[in-house]
Amino acid sequence: MPLSPDPYAALRNAAKYVKQFRSKTFVVKLGGAVLSDPRTRKTACEQIALLWAFSIRPVVVHGGGPELDALCDALHLPIEKVAGRRITSAPVLDAAKMVLAGKLHTDLLADLQAAGVPAVGLSGVDAGLIKARRRPPVMVTEPGETQGRMVDYGLVGDIESVDTRVVEHLRSADYVPVIAPLSGGQDGAVYNTNADTVAAAIAAALHAEKLFFMVEVPGLLKDVSDPSSIISLATLADLASLEAEGRLTGGMRPKAHAMRHALVGGVGSVHLVSGKQSDALLEEVFTNEGSGTMVVREHPVKHGEAKG
Ligand SMILES: Nc1ncnc2c1ncn2[C@@H]1O[C@H](COP(=O)(O)OP(=O)(O)O)[C@@H](O)[C@H]1O
Ligand SMILES: CC(=O)N[C@@H](CCC(=O)OP(=O)(O)O)C(=O)O
């Protein structure tokens, strides 16, 4: 529901949340679908700028899957994803570096800067921020399949540790870190790591108040083909049921895993909001009803309590 049409009532209501979230850390993960359209990217940056203006401390993590698909296509490299994660050969990893720590990353920094956010770009490789090891071949069962199959993801990194010192250093000087989903391994290795996984690990390591995923859809859907089937509030148990029923497919699978990781790791709540609908992030933060899906560990918000 949008803000109240009475501007003073809206202001009073929003002020409650501004006070509650002042100095709190919000990790905002921008998905590829939001980033690949310059208009939605700009709108997302403007919303992040408003959080920043209200003394909320954002840390941005970005994806870039669709832009990487486009480069792989142009370079005649195969695009293979299993359970929402990319099989990454050496040439695909090179393409990932070009997109995720190159063009897309720089364009996002420029938009954040234009919106008034003092953004500084990093990847997980910088100052050992994200250390990973190569994912060994794993058994994966896709929704609808009865039997799993062994998948070798190639140069995909499973996160082993997060060293937030460089992030804290930037934040202590009032910069906003913007993190690309690459990770560093032993002996100078670089790995491709899913951006949802990175966002969850960063949010947990920073003890973030909230983690937001800005996505193409309005929120978590009971039926992915029906945008009106949005679930406003879910617990981890609800998420597990949806997964068991095969209702989470494609990119929502690593996201579900990431949500679980963040909440178990101590993040207060995880939110899935539209990156396409203007102001959906602000609505989720500053209104009682919110706009998307709020996921909490176990206890549903008490009846009548606000979502914000
Ligand atoms: N139950 C579900 N609810 C919402 N989205 C879902 C669901 N199951 C699958 N999806 C898909 O997951 C997508 C989000 O994952 P992904 O494409 O990886 O996002 P991004 O790269 O933008 O972070 C949605 O756009 C939607 O197509
Ligand atoms: C291992 C793996 O899947 N890495 C992802 C990294 C980018 C990403 O996660 O982008 P989105 O958030 O837009 O999906 C990839 O190569 O697509």
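I took a residue as near a molecule if its C-beta atom, placed from the backbone, lies within 6 Å of it. Helices here are DSSP runs of H or I with at least four residues, strands are runs of E with at least two, and numbering starts at the N terminus.

**Ground rules.** I kept to residue numbers that start from 1 along each chain as its sequence is written, with chains lettered from A and ligands numbered from 1 in the order written. The model is predicted, so local features need pLDDT of at least 70 and side-chain atom pairs count only at pLDDT 80 or more, while totals for chains, interfaces and linings use all residues.

**Ligand 2.** I counted 16 residues around ligand 2; the closest are Gly32, Gly63, Gly65, Arg86 and Ala195. H4 and strand S4 (85-86) each supply at least two residues of this shell. I placed Arg86 in strand S4.

**UniProt record.** I looked up the unreviewed entry, where "binding site" covers Gly64, Gly65, Arg86 and Asn192. These residues span 129 residues in sequence, yet no two of their C-alpha atoms are more than 11.7 Å apart, so they gather at one spot. The unreviewed entry also lists residues 24-273 as "domain: Aspartate/glutamate/uridylate kinase". UniProt positions use the numbering here, feature names are shortened, and annotations may be inferred rather than shown by experiment. Over residues 24-273 I read 38% helix and 25% strand, with the end C-alpha atoms 19 Å apart.

**H4 on H5.** I checked helix H4 (residues 65-74) against helix H5 (residues 90-114). Their axes come within 9 Å and cross at roughly 130°. H4 is therefore oblique to H5. Axes are lines fitted to C-alpha atoms over the stretch in contact, and angles run from 0 to 180 degrees between N-to-C directions. Under 35 degrees is roughly parallel, over 145 roughly antiparallel, 65 to 115 roughly perpendicular, and the rest oblique. Glu67, Leu68, Leu71 and Cys72 of H4 make the contact, with residues of H5 including Val92, Met98 and Leu104. Contact means C-beta atoms, placed from the backbone, within 7 Å.

**H3 on H5.** Helix H3 (residues 38-53) packs on H5 at about 50°, with the axes 8 Å apart. That makes H3 oblique to H5. I saw Arg41, Lys42, Cys45 and Ile48 in H3 meet Leu108, Asp111 and Leu112 in H5. The contact has four nonpolar, no polar and three charged residues.

**H7 on H9.** How are helix H7 (residues 195-205) and H9 packed? I read an angle of about 5° and axes 8 Å apart. H7 is thus roughly parallel to H9. Asp196, Thr197, Ala199, Ala200, Ala203 and Ala204 of H7 contact Pro254, Lys255, Ala258, His261 and Ala262 of H9. I noted seven nonpolar, two polar and two charged residues there.

Conventions: Contact = placed C-beta atoms within 7 Å. Nonpolar A, V, L, I, M, F, W, Y, C, P; charged D, E, K, R; others polar.
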